[in-house]
Amino acid sequence: MELNQKLRKNIASLAPYSCARNEFSGEASVWLDANENPYNEPYNRYPDPLQFSLKQRVAELKGVPADCVFFGNGSDESIDLAFRIFCEPGRDNVVAMEPTYGMYKVCADINDVAYRPVPLGAGFQVSHKALLDAVDGHTKLIFICSPNNPTGNAVPVGEIESLLESFTQGMVIVDEAYIDFSSQPSVLPLIEKYDNLLVFQTFSKAWGCAALRLGMAFARKEVIDVYNKVKYPYNVNLLTQQKALELLENPSRVHDWVKILLCERERLRENLASLKIVCEIYHSDANFLLVRVDDADATYNYLMRDGIIVRNRNKVSLCAGCLRITVGTPSENDALVDALKCFES
Ligand SMILES: *Cc1c(COP(=O)(O)O)cnc(C)c1O
């Protein structure tokens with residue numbers, strides 16, 4: 001299906017805001033076009049609305065064309081924009097695996113779009129058939145979180161490709177917030193093959209920059225063009241662009257962090273496995289472990305009184321009795337295990 005037919009009607013015909021800087025390209029030394037204060041450089045100037053330098057750098061690093069990259073104020077902006085671009089409020093719906101990242105449903109509710117959760121199978125496995133069964137003529141988005149939060153497992157690329165082949169009336173969104181920790185490859189190269197694929201990644205996890213609020217979306221140029229049309233003109237501020245560029249001067253730091261965290265994840269798994277209160281530790285392709293314990297609420301409360309905060313997922317579907325534990329530094333992980341030993345005895 002043509003992209004234009006997938007878009008909300010008002011978005012297909014939208015004339016975007018044209019900022020002063022967009023209407024001029026070339027060299028200039030006197031900037032009197034944007035009502036900025038001429039003092040207090042460099043913060044007096046509006047930032048680059050399309051983040052040219054950062055986009056070049058990320059495109060190079062990820063091996064995709066720069067016009068296939070979008071930056072948002074966290075992945076949360078990319079998620080919200082998907083609803084605003086593709087879904088007619090009060091009419092359309094989206095399909096997602098369940099349990100998964102909570103923001104998809106919150107954004108659906110905010111945008112008055114029906115949310116259709118499809119329970120994961122045994123071992124938290126995703127079935128493209130079950131997801132497609134939930135699709136009807138008004139389904140515009142299918143959300144796949146891989147590796148999934150909070151279950152931790154990655155979705156097999158074959159399942160994602162089956163969805164991409166079958167679901168052509170809207171977009172398949174693959175949220176890869178944790179892909180740097182995964183043994184499974186990213187589906188990013190598939191944006192060349194499939195015009196219905198949107199891939200989200202973020203600077204918030206492996207990249208160690210949650211405070212910057214910088215999310216990435218990757219898709220065919222036509223899709224990214226619509227994203228650029230609908231976003232706030234200056235959605236990524238100057239400090240964020242500068243800090244991200246700084247980090248990218250030395251990407252090996254990120255690789256080092258990931259290596260340590262993966263070692264720690266397995267060490268933490270072994271240490272937790274030796275505890276009597278731990279019933280099950282699920283497979284993880286991410287920087288956290290989903291752990292089933294005897295009494296999740298009591299364990300959570302005990303840890304909290306000890307100043308150790310984990311995520312209680314006891315009330316999440318299929319996750320009864322589970323805590324989601326982020327992998328920290330070696331000493332943080334030791335503190336957690338020590339506290340659990342005290343709780344046990
Ligand atoms: C943490 C997380 C994100 C990150 O969101 P940002 O807005 O980029 O910080 C996105 N998706 C999932 C599934 C996450 O767990």
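The model is predicted, so local features need pLDDT of at least 70 and side-chain atom pairs count only at pLDDT 80 or more, while totals for chains, interfaces and linings use all residues. Residues are numbered from 1 along each chain as its sequence is written, and side-chain values use heavy atoms, with hydrogens and water left out.

**Exercise 1.** Work out which strands pair with β11, and how many of its residues are buried.

*Step 1.* Find β11 at residues 322-326; a strand here is a DSSP run of E with at least two residues, numbered from the N terminus.

*Step 2.* Check the cover: four of the five residues in β11 are buried, meaning under 20% relative accessible area with a 1.4 Å probe, protein chains only.

*Step 3.* Look for partners, remembering that two strands pair if DSSP finds at least two bridges between them. β9 (residues 288-293) runs antiparallel to β11, with five bridges, and Arg 292 sits opposite Cys 322. β10 (residues 311-312) is also antiparallel to β11, over two bridges, and there Arg 311 faces Arg 324.

**Exercise 2.** Describe what surrounds the ligand.

*Step 1.* Count the neighbours, taking any residue with a heavy atom within 4 Å: you get 13, and Tyr 178 and Lys 205 are among the closest.

*Step 2.* Finish with cover: the protein hides 94% of the 390 Å² of accessible area that the ligand has on its own, by the Shrake-Rupley method with a 1.4 Å probe.

How values were computed
Buried < 20%, exposed > 50% of the residue type's maximum accessible area, 1.4 Å probe, protein only.
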